[in-house]
Amino acid sequence: MTSDKNLAVRDLTVHYGAVPAVTGVSLEVTAGSIAALIGANGAGKSTLIKAITGLVKVRSGEVSYGGQPLTNRAPNVILDHGIALVPEGRRLFGSMTVQENLEMGAYRIQDAAKRAELFDTCLRYFPDLKPKLPSAANSLSGGQQQMVAVARALMSAPSVLLLDEPTIGLAPAFVNVISAVVRDINKQGVTVLLVEQNAEVALRLSDYAYVLEAGAVVKHGPSREFLNDPDIKKAYLGL
Ligand SMILES: Nc1ncnc2c1ncn2[C@@H]1O[C@H](COP(=O)(O)OP(=O)(O)OP(=O)(O)O)[C@@H](O)[C@H]1O
Ligand SMILES: [Mg+2]
């Protein structure tokens, strides 16, 4: 792991029209770590993720990866730098088959052998998808669709994986599958930024966490400490 391949956001501000959604946010995801971003509905989590991946325009501030500025670059350029997104609400190609969705994820991989290897890895992570490969993505259950969304991102062989609420609405068994895969790909060296409303899942998976409120970071620290933090417990863990 090269310690200089951190994903960094500096003093980032994003507006929708005149309305600020993210204001002055700074964070750094250390190469090889899992960072969590937690916060209530409307806190600005997705906006921040979209700003990193080029899906919304940054008004001021900077996004960089390994020291290289990526602010306001196009989504495909961000992906070319190895930063892949599992978007909020999955955004699968619903009428396309599961197999086609996975192949779309690998569009930037030229080497057929490498694509085949990535495909095998995805099916090893999500064996339930194997019998579903010829099925239309929108015919799958919510949990299966989320697996497709994660697998599609993995098909790009990312160095950094951003996941926006990958477990929302899923049954515990699916939450466990997704969590185990995130943990495993991180062990393989992939840097992870995980957005979750389920703070418990996020804090248990991550090394470091940021708490976003009304578009700003109000707290950050090692996830382990947050699990025992009375304010976090009250606000986000329902304890
Ligand atoms: N396309 C948009 N146009 C205008 N305002 C938006 C748009 N998307 C989000 N917002 C507003 O920006 C703020 C941040 O929204 P965002 O979706 O980033 O929050 P979030 O933390 O991801 O919430 P959730 O947990 O519900 O996914 C909210 O006030 C939201 O209403
Ligand atoms: Mg969101």
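How many residues surround ligand 1, and which are the closest? This is a predicted model, and in it 13 residues surround ligand 1. The closest are Asn41, Gly42, Lys45, Thr47 and Glu88.

Three of these residues can be followed down to single atoms. Lys45 places a polar side-chain atom 2.7 Å from an oxygen atom of ligand 1. For Thr47, a polar side-chain atom lies 2.5 Å from an oxygen atom of the ligand. Glu88 also has a polar side-chain atom 2.5 Å from an oxygen atom of ligand 1.

Arg90 sits in a loop. That loop runs between strand S6, residues 83-86, and helix H3. The backbone at Arg90 deserves a look. Its phi is positive, about 70 degrees, although Arg90 is not a glycine.

Two packed helices are described by the angle between their axes and the distance between the axes. The crossing of H3 past H5 is right-handed. H3 brings Val98, Asn101, Leu102 and Gly105 to the contact. H5 brings Val148, Ala151 and Arg152. Of the residues in this contact, four are nonpolar, two polar and one charged.

H5 also packs with helix H6. Here the angle is about 10 degrees, and the axes are 10 Å apart. That angle makes H5 roughly parallel to H6. This crossing, too, is right-handed. On the H5 side, the contact is made by Gly143, Gln144, Gln146, Met147, Val150 and Leu154. On the H6 side, Phe174, Val177, Ile178, Val181 and Ile185 take part. The contact of H5 with H6 has eight nonpolar residues, three polar and no charged.

One more loop remains. Where does Glu165 lie? Glu165 is in the loop between strand S7, residues 160-164, and H6, residues 172-187. What is the phi of Glu165? The value is near 50 degrees, which is positive in a residue other than glycine.

Go on to Arg90 in the loop between S6 and H3. Then follow H3 to its right-handed crossing with H5. End where H5 and H6 pack at about 10 degrees.

Terms used. Residues are numbered from 1 along each chain as its sequence is written. Chains are lettered from A and ligands numbered from 1 in the order in which they are written. This is a predicted model: local features need pLDDT of at least 70, side-chain atom pairs count only at pLDDT 80 or more; totals for chains, interfaces and linings use all residues. Side-chain values use heavy atoms; hydrogens and water are left out. A crossing is left-handed if the near helix is turned anticlockwise from the far one by less than a right angle, and right-handed if clockwise. Helices (H or I, at least four residues) and strands (E, at least two) are DSSP runs, numbered from the N terminus. Contact means heavy atoms within 4.5 Å. Ala, Val, Leu, Ile, Met, Phe, Trp, Tyr, Cys and Pro count as nonpolar, Asp, Glu, Lys and Arg as charged, and the others, Gly among them, as polar. A residue is near a molecule or strand if one of its heavy atoms lies within 4 Å of it. A polar contact is a pair of N or O atoms within 3.5 Å; within protein, one must be able to donate a hydrogen and the other to accept it, and residues adjacent in sequence count only if both atoms are side-chain atoms. Axes are lines fitted to C-alpha atoms, for helices over the stretch in contact, and angles run from 0 to 180 degrees between N-to-C directions. Angles under 35 degrees count as roughly parallel, over 145 as roughly antiparallel, 65 to 115 as roughly perpendicular and the rest as oblique.
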